[in-house]
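Please keep the structure open while you read these notes.

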Amino acid sequence: MTATVRTYLRRLLPQLIALAVIVIAISMVFPGFLSLQIQNGRLYGSLIDILNRGAPVVLLAIGMTVVIATKGIDLSVGAVMAICGAVAASLITSGHSLAETLLATLVVGILCGVWNGLLVAILDIQPIIATLVLMVAGRGIAQLVTEGAILTFNHPGLIFIGSGSFAGLPMPVVIWLIFGVLVALLVRQTALGMLIEAIGVNRQASTLSGVLTPVLLIAAYVLSGLCAAIAGIIAAADIRGADANNAGLWLELDAILAVVVGGTSLLGGRFSIAASVLGAIIIQAINTGILLSGFPPEFNLIIKAAIIVFILVLQSPRFRTAFTFVRLPRATGKPTEREAK
Amino acid sequence: MHSTSDNILSAVRIEKGFPGTKALDKVDFQLRRGEVHALLGENGAGKSTLIKCLTGAYRRDSGSILLDGVEVDPRDTFDAQRLGIGTVYQEVNLLPNLTVAENLFLGRQPRRFGMIDTRAMNRMARELLAEYELDLDVTGDLASYSVAIQQVVAIARAVDLSGKVLILDEPTASLDAHEVAMLFRIVRRLKARGLGIIFITHFLEQVYEISDRITVLRNGQLVGTRETADLDRRDLITMMIGRELADEIHTHHASAGEGRLRYRFRNYGRRGHIEPFDLDVRAGEVVGIAGLLGSGRTETAEVLFGAHRADSGTAEIDGRAVDLPSPRAAIRRKFGFCPEDRKTAGIVGDLSVRENIVLALQARRGWTRPISRTEQNRLADHYIRALDIRTADREKPIKLLSGGNQQKAILARWLATEPEFLILDEPTRGIDVGAHAEIVKLIESLRERGLSLIVISSEIEELVAYSTRVVVLRDRAHVAELDGERITAHNIVEAIAAANEGGRRDGDR
């Protein structure tokens, strides 16, 4: 058991270090960064703000991780967020109950995933092209739903999802924490994780070994669609309205980046949900940190890019090889040590 | 013939370790000027590691390399090439979409006024290839030529760049007899020019045909270096695998199946893949499938396993009609299938040996019923031991194992599902002598345990050894079936070669 925990930590170590370095760096520039206050039974502070602001990308990254593990990619998640935000807003303003609205919105997200999955698994279209279709068409669909306007709403229940709190934490954080744990348990406590990794590494060999490849591929895109739907609801609830043009704009790229920063290869195979979540938090921490530290906004994207390049260099196989080479004497001793315990 | 003490390349006490294993343990190796030196050993013996240390692809942990008596330390393959050591691999490492001439002079094209002088380059390419008796259009794309020609182009480039030592890593694996002869003429010519040539192969006939000396490695250690003329084949095999093996193959002739008839395929086929055929398989029977490449062997296996759905005919198991539309359906009926192309259809490279072994069993149980980690470990350890899979531990990614050990792991994947009908497509291709014999023994023991097996192989001797019946294929149709005493290499070759009727049509008894 301890060995499992240790391998788990070793997998997450680069992300944890990167996050710690960024948090420490920001707190040196901006001393109030680490402080947390409790007001009206709810935590406030920059750290909580990062977790809260990062919710959409964290959710997208969870689904994206599984899709990328199958050697795919889902470019449509930003557009699906917009569609789902629009659907939720239009249903709640036309007098449907909160439960009906949420259920219908999640179903729409799932249907978007089914569409992507069918294109990839059954028609065998390359994932980047297959999901590009919905990425482009999705904003059009969202505009049709909102009839071109920004649909605002005042339903307190729906707004609560965006700005309410539960157990001292903002609702979006509660949602992604619970959802992330559920997905991680689903893939790791069942055989799903291994089968998905097998498909991502070698789809043909997996099919010949009896893995139900098409169904699992569709399931991966469905999960991604579901994640986008939840993210879309949160984003809409946060601004109390659905903006078909801007909701989730470019977030598919942040989600992919989060997965990559999390160390999951775009070539498919081995994946870690927790690492992708950390990746998304790292990206949000960078965003928040740059804003707080008072750099002129025009520097933001460049600084962000520089930090991300640095993280990716730390992860690159070549850098790691060079790094291991230096520590080779100790590294060779490890396997026996592990076996002894 | 050549002066014997004239070493062009010496490797002294080379050591190389990987985490958990010692790939090379103080290996010495001497290559003379003007000799062909065969480097032999089982998969995983350390041949590739030694080559990679010599060419700088790996950093050796200790030991020294002397080229022409001078100590050298190649940092990478490019450096080795500059020093005079060139390598040609089994998979040609040139650029198929460039012309022959461009491939020969890539990175060192003749220039005129700062521009590449294509005419001069083409002329030089023609002159260079003329030395190899090759007269071809050097402006054609490399991909438009056969693998053999590409191989020669690769050799020409390597020799032209390096010129002292040429390493040929399984160059003949995908060549036919005529092409091998052409390649060997070139090797002899280079040898006469004084090059030292290291030749790695699995084909022992070729070793005896071309090599002057043989060095054998086993488990990362030097077994010895001998003059080819003084080493007979049995001794060589003993050196390679460390035990008498020749007797283990071709020992007994399996008697025709008396087991009950279990699998009955009638008029089974798929348009464009394999003509409809009839096939009966009994319990405790090995049906060998013989035929040339493209005769429909693999297609037969794929249709039987449901990898491609049959579009005609019926399948019965124990007298009950069954539908086999997919591998999943076949696996539910306790079928198993080791495909011919291990790399693209067999192994799941990045996953561990353990995961590769449990994959089919897990897929059959469904994702909701995971095999516990303890059980996975037990299964993996069991088959690693039972099939003697050489791996540092069960968590090693399978792509890092040698070919023979990968094949054993794929076999283990199926054995873990406790199959009753096992289809093996070229189970012994591209693997070393030791693993080869072990797989042949495994096939026989599975048959004795009552399994029904279908084994496809290009090695007719091997089919004769373990088959209780042999089906011969030609032009995508089953054309003959041999059993009992009639299973001989001669009869199989006759049946493959016969223009019309090599034997009776299969099925009618």
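1. Start with the contact between the two chains. Chain B gives 29 residues and chain A gives 24 residues. On the side of chain B that touches chain A, the elements giving two or more residues are helix 10 (327-332), helix 11 (342-346) and helix 12 (353-365) of chain B. Helix 12 of chain B supplies the largest share, six residues. Sorted by class, this side of chain B has 16 nonpolar, seven polar and six charged residues. Bear in mind that this is a predicted model.

2. Now look at helix 14 of chain B, residues 403-415. How far does helix 14 reach from its first C-alpha to its last? The 13 residues span 18 Å, close to the 18 Å expected at 1.5 Å a residue. This helix is mostly covered, with twelve of its 13 residues buried. Among the buried ones are B:Ile410, B:Leu411, B:Trp414 and B:Leu415. B:Lys408 and B:Arg413 are buried as well.

3. What do the buried residues of helix 14 of chain B pack against? The list includes two strands, strand 18 (335-338) and strand 19 (421-425) of chain B. It also includes helix 11, helix 12, helix 13 (373-386) and helix 15 (433-448) of chain B.

4. Strand 18 and strand 19 of chain B pair in the parallel sense, over four bridges. Within that pair, B:Gly336 stands opposite B:Leu422 of strand 19.

5. Chain B has another open sheet of six strands, in the order 6-9-10-3-11-12. Here, too, the pairing is mixed. Which strands stand at the edges? They are strand 6 (85-88) and strand 12 (221-227) of chain B. Each has a single partner strand, so one side of each is left without a neighbour in the sheet. Neighbouring strands are turned by 20° against each other on average, direction ignored.

6. Follow strand 11 of chain B, residues 213-218, through its two pairings. Six bridges join strand 11 to strand 12 of chain B, and these two run antiparallel. B:Arg213 has B:Glu227 of strand 12 as its bridge partner. The hairpin of strands 11 and 12 of chain B has two residues between the strands. In this hairpin, B:Asn219 takes a positive phi near 50°. Strand 11 also pairs with strand 3 (residues 36-40) of chain B, in the parallel sense and over four bridges. There, B:Ala38 is the bridge partner of B:Ile214.

7. Helix 5 of chain B, residues 147-161, lies across strand 6 and strand 9 (165-169) of chain B. It runs at about 170° to strand 6 of chain B.

8. Turn to chain A for a pair of helices. Two packed helices are described by the angle between their axes and the distance between the axes. For helix 8 (residues 171-189) and helix 9 (residues 192-201) of chain A, the axes come within 5 Å and cross at roughly 75°. The two helices are therefore roughly perpendicular to each other. Helix 8 of chain A makes the contact through A:Leu186, A:Val187 and A:Arg188. Helix 9 of chain A brings A:Leu192, A:Gly193 and A:Ile196. By class, the residues of this contact are four nonpolar, one polar and one charged.

9. Finish with one residue, A:Ala20, in helix 1 (residues 2-29) of chain A. Is A:Ala20 buried or exposed? A:Ala20 has 10 other C-beta atoms within 10 Å, so it is exposed. The cut-off for exposed is 12 or fewer. A:Ala20 and A:Leu134 are 114 residues apart along the chain, and 37 Å separate their C-alpha atoms.

Conventions:
Residues are numbered from 1 along each chain as its sequence is written. Chains are lettered from A and ligands numbered from 1 in the order in which they are written. This is a predicted model: local features need pLDDT of at least 70, side-chain atom pairs count only at pLDDT 80 or more; totals for chains, interfaces and linings use all residues. Two residues are in contact if their C-beta atoms, placed from the backbone, lie within 7 Å. Ala, Val, Leu, Ile, Met, Phe, Trp, Tyr, Cys and Pro count as nonpolar, Asp, Glu, Lys and Arg as charged, and the others, Gly among them, as polar. The expected span of a helix is 1.5 Å times one less than its number of residues. A residue is buried if 20 or more other C-beta atoms lie within 10 Å of its own, exposed if 12 or fewer, and partly exposed in between; C-beta atoms are placed from the backbone. Axes are lines fitted to C-alpha atoms, for helices over the stretch in contact, and angles run from 0 to 180 degrees between N-to-C directions. Angles under 35 degrees count as roughly parallel, over 145 as roughly antiparallel, 65 to 115 as roughly perpendicular and the rest as oblique. Two strands pair if DSSP finds at least two bridges between them.
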